[in-house]
Amino acid sequence: MTSQIAPPAPTATPSTGYRLRWAGLAVILAAEVMDLLDTTIVGVAAPAVRQDLGGSDAQIQWITASYTLAFAVLLITGGRLGDLLGRKRLFVLGAAGFTLASVLCAAAPGAGTLVAARTVQGLFAALLIPQGLGLIKAMFPPKELGAAFGLFGPILGLSSVLGPTLGGYLTGADWFGLGWRAVFLINLPVGLLAVFAAGRILPADRSAADRATGDRATGAGAGRIDPVGVLLLGLAVLLLVYPLVQGRELGWPLWTFLSMAASVPTAWLFTVQQRGVLRRGGTPLIEPSLFGKRAFVSALATGLVFFAALSGLMLVFTLHLQLGLGWTPLHAGLSMIPLSIGVVVGAVLSGALLAPRYGRRVLHLGMVLAAAGALGLWAAVDGATGLTSWQLAPALALAGLGLGLIMAPFFDIALAGVEESETGSASGVLNAQQQLGGSMGVALLGTAFFGWARTDGFGHAAGLTYGLVAALLAAAFVIAFLLPRQARPDGEGH
């Protein structure tokens, strides 16, 4: 590995890694679980929220959209703050704020208050989540990075099932009369545990003097965040993501397209402004050197298409089961278990065995299997009547196996050549890419699904949309040829 990772604690070395790295990984994954649950669990509780608090259709939509937007707008800034202020410090702050905001969501007296609390929750998630990739890269030696990143696959798969299943159960069980409020309070024990464990287990941040020395050595500038850059980048992301989140529900009025178009010149202004910051010796919000790294840029392009396909698949599957087949949220969630099992198996095989040895070929294999699974779903649902969960299980398991295979080589290749001073910025950009890709997938495939459903019925619409998912995965397959064959030339580190 060409980057020189400063040991975060006396027990950490580039060859052996941080002594408590696996326990630290468990803490990071706990934070991922909180975030992933919050992106899936709330939609199931929305009807109960509407019945209890009232509010307009727009307010109910904003219970989900406010979190997504706040998260996306601040992600890159949150990652850069980890570089400048310390990743452990930002992780603990983000976990504590996220947990407190979850309690505020549960205590919300009205729909407007709940939307505001969800916005705060998204802002703290943007401080919390980007630190995970940087901490993993700092804690683990190169030869173990694939296995560490591979565990993200099972967490993604399990959370995708656990979110709607747990949301449906907690809302219906009405423990202690809490009803839908319990879906937010579930974050309280997980968040408190994450805050406590992070303080004791995660490696200590470098001192301010060490960070300043590293910044000078790498040309990272004065080590202060750029407020103008934050505003310009936030505006560019908002102009793009807001219409993607809201456009489908609103029927894609003209302003949504104008907003997305306006994001392009705003992003150009941000780029010009960042170059000026660098010329003046300041700290750019996104390290320009990242975009000179082939692996990182190729991963951004590949991941944008892949995460669009993944989010679109999850959305259309749950919509078809509930709207088209009339299944309950709990039934729909349980029907996704084969997908989760496939993701777990694929991720374990990839991270522990295949990715370190075969690199990009594992990612390609995963995309082929995931596309085959999507086509299998098309064959199962198009024109079928009286569908059962068992009829969908083989295709779901195949798609899950493919998705699980992809996770470890994707993150390992993307971050392999990233320097220590660039890690937070890179993590923020990668996380923002996932959010953007997911929003694009939901907008594109959700619009296609509802459009076809109006004329051809839900079953036929779902089948055609699964075909689009397979097409997106085929596109990602082709783009992935731009990635290096291995994360590192020898498959372990250099």
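Because the model is predicted, local features need pLDDT of at least 70 and side-chain atom pairs count only at pLDDT 80 or more, whereas totals for chains, interfaces and linings use all residues. Residues are numbered from 1 along each chain as its sequence is written, and side-chain values use heavy atoms, with hydrogens and water left out.

The protein contains 19 helices and zero strands; helices (H or I, at least four residues) and strands (E, at least two) are DSSP runs numbered from the N terminus. Of its 494 residues, 56% count as buried, where buried means under 20% relative accessible area, exposed over 50% and partly exposed in between (1.4 Å probe, protein chains only). Among contacts (heavy atoms within 4.5 Å) with a separation of 6 or more, 83% involve residues 24 or more positions apart.

Helix α17 (residues 389-415) and helix α18 (residues 423-456) have axes that come within 11 Å and cross at roughly 140°. Axes are lines fitted to C-alpha atoms, for helices over the stretch in contact, and angles run from 0 to 180 degrees between N-to-C directions. The two helices α17 and α18 are therefore oblique to each other, given that angles under 35 degrees count as roughly parallel, over 145 as roughly antiparallel, 65 to 115 as roughly perpendicular and the rest as oblique. On the α17 side, Phe410, Phe411, Ala414 and Leu415 meet Ala426, Leu430, Gln433 and Gln434 of α18.

The structure holds 14 aromatic pairs. Rings of Phe, Tyr and Trp (its six-membered ring) pair if their centres lie within 6.5 Å; planes under 30 degrees apart count as stacked, over 60 as edge-to-face and the rest as tilted. One of the pairs, formed by tryptophan 22 and phenylalanine 140, is edge-to-face, at 4.8 Å centre to centre with 80° between the planes. Tryptophan 22 lies in helix α1 (residues 21-53) and phenylalanine 140 in the loop between α5 (130-139) and α6 (142-150), so the pair ties together parts that are 118 residues apart in sequence. Tryptophan 22 is partly exposed, at 41% relative accessible area, whereas phenylalanine 140 is buried, at 3%.

A further pair joins phenylalanine 149 and phenylalanine 411, whose ring centres are 6.0 Å apart and whose planes stand at 35°, so the pair is tilted. Phenylalanine 149 belongs to helix α6 and phenylalanine 411 to helix α17, so parts 262 residues apart in sequence are tied together. Both phenylalanine 149 and phenylalanine 411 are buried. Ring pairs also link Phe149, Phe306, Phe307, Phe410 and Phe411 into a cluster.
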